[in-house]
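Okay, thanks everyone, let's get going. Have a look at it on the screen first.

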Amino acid sequence: MADDTTTTTKDTPARNDEPTEKRAVVLLSGGMDSATAAAVARQRGYEIYALHTSYGQRTEDRELECARRLAEAFDAADFLRIETGHLSAIGASSLTDGELDVADADMDSDEIPTSYVPFRNANLLAMAVSYAEANGCEAVFIGAHSEDFSGYPDCRPEFFEAFEQVVDVGTKPGTEIAIEAPFVEESKTDIAERGLELEVPYEHTWSCYRENEPACGTCDACAYRLQAFQRLGVRDPIEYEQRPSYLEGKSA
């Protein structure tokens, strides 16, 4: 991947005729949060325009595979992959810098984890809004949630509220694009519960920060995901190298 270029891949042509139903861009990473956000968008009556970004993250191949499967499962009107190297070139994150180790989960820590990609959500949302404005979409959905913003500053409710104001000012007259973060006040467990109710195909999602297969089971992303399923008494359908219990007195 070239560091100074951005490439896009579209599986189907975007339709620029008058919409027959509401349209929304969903930032579809391939993870369980974005998959559940897509399910919520569909439940609310939106036609989905799926946007997937590859920015040099360790598990980008598996994430792309999952995003494509999810877009098909949700009957997305369009799937756009944007490949860009600038976040990887900037570095300072264990997700994109091979010289930094992905730390094991520390779910009690108040420190910003090494997996934080500086200002990533602003970059992703900016691309999503461009895509939305070009295709007459009324909303952009992102799967950020409350346990994210305890460690990631660009997942806080205030951030999304401020970004929506930027969208209002920075798009052409008459454009109304809402930034929808339906889980911003909810936990990972809440997301899993909602997704199970909506029959999200979690077997086609990927959360691990370290590996393409199997998931490590011990990084932050794996830990929060496993804990959510364990709290609900449901077995996470993907494979793990390790499947620790993240509930005291309860096995996975």
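So, let's start with Arg120, which sits in helix α4, residues 120–134. Helices here are DSSP runs of H or I with at least four residues, strands are E runs of at least two, and both are numbered from the N terminus. Before I go on, the housekeeping: this is a predicted model, so local features need pLDDT of at least 70 and side-chain atom pairs count only at pLDDT 80 or more, while totals for chains, interfaces and linings use all residues. Residues are numbered from 1 along each chain as its sequence is written, and side-chain values use heavy atoms, with hydrogens and water left out.

Back to Arg120. Which residues does Arg120 touch, leaving out those up to four places away in sequence? They are Tyr55, Leu87, Leu95 and Asp154, where contact means heavy atoms within 4.5 Å. Take Tyr55: it is 65 residues from Arg120 along the chain, and the two C-alpha atoms are 9.8 Å apart.

Arg120 also turns up in the lining of the largest cavity, together with Tyr116, Val117, Tyr152, Asp154 and Cys155. On the method: a 1 Å grid is laid over the protein atoms alone, a cavity is a set of points where a 1.4 Å probe fits but cannot get out, and lining residues have an atom within 4 Å of a point. By class, its lining has four nonpolar, no polar and two charged residues. For those classes, Ala, Val, Leu, Ile, Met, Phe, Trp, Tyr, Cys and Pro are nonpolar, Asp, Glu, Lys and Arg are charged, and the others, Gly among them, are polar.

Now let me zoom out. The chain has eight helices and six strands, and from the N terminus the order is β-β-α-β-α-β-α-α-β-α-α-β-α-α. Of its 252 residues, 53% are buried; that's under 20% relative accessible area, with exposed being over 50% and partly exposed in between, using a 1.4 Å probe and protein chains only. If you take contacts with a separation of 6 or more, 73% of them come from residues 24 or more positions apart.

On to helix α2. It has 14 residues and spans 20 Å from first C-alpha to last, close to the 20 Å expected at 1.5 Å a residue; the expected span is 1.5 Å times one less than the number of residues. Its buried residues include Leu64, Cys66, Ala67 and Leu70, and the buried residues of α2 pack against α1 (32–43), β3 (46–54) and β4 (78–84). After the helix comes Asp75, with a positive phi near 55°.

A salt bridge here is a side-chain nitrogen of Lys or Arg within 4 Å of a carboxyl oxygen of Asp or Glu, and the whole structure has nine. Arg62, Glu65, Arg69 and Glu213 are linked in a network of them. Arg62 pairs with Glu65 at 3.7 Å, N to O; they are three residues apart in α2 (60–73), about one helical turn. Arg69 meets Glu65 too, with the closest N and O atoms 3.1 Å apart, and those two are four residues apart in the helix.

And where does Glu213 come in? Its closest approach to Arg62 is 3.7 Å, N to O. Glu213 lies in the loop between α7 (188–197) and α8 (220–232), so this pair ties together parts that are 151 residues apart in sequence.

Last stop: Thr175, in the loop between α6 (157–170) and β6 (178–180). Thr175 is buried, at 18% relative accessibility. Its C-alpha is 9.1 Å from that of Cys137, which is 38 residues away along the chain. That's my tour, thanks.

Technical notes
On a 1 Å grid over the protein atoms alone, a cavity is a set of points where a 1.4 Å probe fits but cannot get out, and a pocket is an open set with protein on both sides within 12 Å along at least five of seven lines; lining residues have an atom within 4 Å of a point.
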